[in-house]
Amino acid sequence: MSIDSIKDRIPDYAKDLRLNLSSLANDVTLTPQQLAGTFVASALAARNDEVTSAIVAQFASTLSPEALTAAKSANAIMAMNNIYYRFVHMAGGEYSKMPAQLRMSVIAKPGVEKADFELWCLAVSVINGCDLCVTSHEKIVREALGASAVQTAARIAATVHAVAVILQGASALGD
């Protein structure tokens with residue numbers, strides 16, 4: 001399975017997603033590791049087994065075992081943090097002054113360059129819609145890699161998520 005296999009399943013009414021997926025898979029804004037990790041972390045966050053399998057098959061060979069683990073870790077830690085910090089943001093008040101008391105040691109030692117890990121955390125946070133996390137990771141990524149890297153991560157996250165949603169719906173509708 002590869003990206004081509006999921007592109008073939010995207011219905012014609014969503015052909016723009018097919019085109020965006022192709023162009024982003026060949027994007028040169030990011031290093032090969034950054035690109036692959038962003039796709040993997042985004043696919044995991046999009047929660048569609050078919051999309052995740054195809055993207056991991058497409059990009060796993062580009063990533064070292066440590067980088068693949070870091071992309072998975074970015075999804076895992078952001079799955080927790082995005083919910084917690086979204087709560088803090090929505091609830092307001094004293095919660096923003098209280099320590100989270102949640103273990104997050106992978107952020108300090110992700111096993112890859114800090115900028116790459118932050119990029120992957122940003123992509124997952126975009127999908128999960130956590131304002132505080134997007135703001136925090138965007139600042140770090142922009143300072144380390146530039147605004148183009150931030151935008152590319154957001155474009156990958158948006159496209160991978162949309163493909164996951166469309167394929168889920170197409171399966172349910174028999175498209």
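Here are some questions and answers about residues, their surroundings and their salt bridges.

User: What kind of model is this, and how are residues numbered?
Analyst: This is a predicted model, in which local features need pLDDT of at least 70, side-chain atom pairs count only at pLDDT 80 or more, and totals for chains, interfaces and linings use all residues. Side-chain values use heavy atoms, leaving out hydrogens and water, and residues are numbered from 1 along each chain as its sequence is written.

User: Is asparagine 75 buried or exposed?
Analyst: Asparagine 75 sits in helix α5 (residues 65-91); helices are DSSP runs of H or I, at least four residues, numbered from the N terminus. Buried means under 20% relative accessible area, exposed over 50%, and partly exposed in between, using a 1.4 Å probe and protein chains only. Because its relative accessibility is 16%, asparagine 75 counts as buried.

User: How many salt bridges are there?
Analyst: A salt bridge needs a side-chain nitrogen of Lys or Arg within 4 Å of a carboxyl oxygen of Asp or Glu. One of them joins arginine 18 and aspartate 12 at 3.3 Å, N to O. By this rule the count is seven.

User: Which residue meets glutamate 118 in a salt bridge?
Analyst: Glutamate 118 is buried, at 2% relative accessibility. The side chains meet at 3.1 Å, N to O, and the partner is lysine 114.

Notes
Helix = DSSP H or I, 4+ residues; strand = E, 2+ residues; numbered from the N terminus.
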